[in-house]
Amino acid sequence: ESPAAGGDPAMEIEERDMADRILRHLHKLEEPYKEVFTLHALGDVPLKRISQLFGKSDSWARVTYDRAKAMITEKLEEGES
């Protein structure tokens, strides 16, 4: 939503800043964490499909995604930009 549409410009800036921080941390992740997180969180690819693409189990895709999310969350909580 744009400021002209009644959104809060300060909130939009804060959300954009957070998105930039997440993307910077995502960029630093090693494979396969980076690709699995990107496919699922940003590409809306189901974890079942990701497991098929990698030739791995469904639980592998879920664990890999959860670990990637945890790594990004940890960096955000540490205050790294």
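**Helices and their packing**

Reader: How do you know that the length of helix α1 (residues 9-28) agrees with its number of residues?
Author: The expected span is 1.5 Å times one less than the number of residues, so the 20 residues of α1 should span 28 Å, and the end C-alpha atoms are 29 Å apart, which agrees. Helices here are DSSP runs (H or I, at least four residues), numbered from the N terminus. The model is predicted: local features need pLDDT of at least 70 and side-chain atom pairs pLDDT 80 or more, while totals for chains, interfaces and linings use all residues. Residues are numbered from 1 along each chain as its sequence is written, and side-chain values use heavy atoms, with hydrogens and water left out.

Reader: Which residues of α1 are called buried, and what covers them?
Author: Glu-12, Arg-21, His-25 and Leu-26 are buried, that is, under 20% relative accessible area (1.4 Å probe, protein chains only). Their cover includes α2 (33-42) and α4 (58-78).

Reader: What makes α2 and α4 roughly perpendicular?
Author: Their axes, lines fitted to C-alpha atoms over the stretch in contact, cross at roughly 95 degrees and come within 9 Å. Angles of 65 to 115 degrees count as roughly perpendicular, so α2 and α4 get that label.

Reader: Where does helix α3 (residues 47-54) stand relative to α4?
Author: The axes of α3 and α4 come within 8 Å and cross at roughly 110 degrees, which makes α3 roughly perpendicular to α4. In α3, Leu-47, Lys-48, Ile-50, Ser-51 and Phe-54 meet Asp-58, Trp-60, Ala-61, Arg-62 and Tyr-65 in α4, where contact means heavy atoms within 4.5 Å.

Definitions and conventions. Helix = DSSP H or I, 4+ residues; strand = E, 2+ residues; numbered from the N terminus. Buried < 20%, exposed > 50% of the residue type's maximum accessible area, 1.4 Å probe, protein only. Axes fitted to C-alpha atoms, helices over the stretch in contact; angles between N-to-C directions. Parallel < 35°, antiparallel > 145°, perpendicular 65-115°, else oblique.
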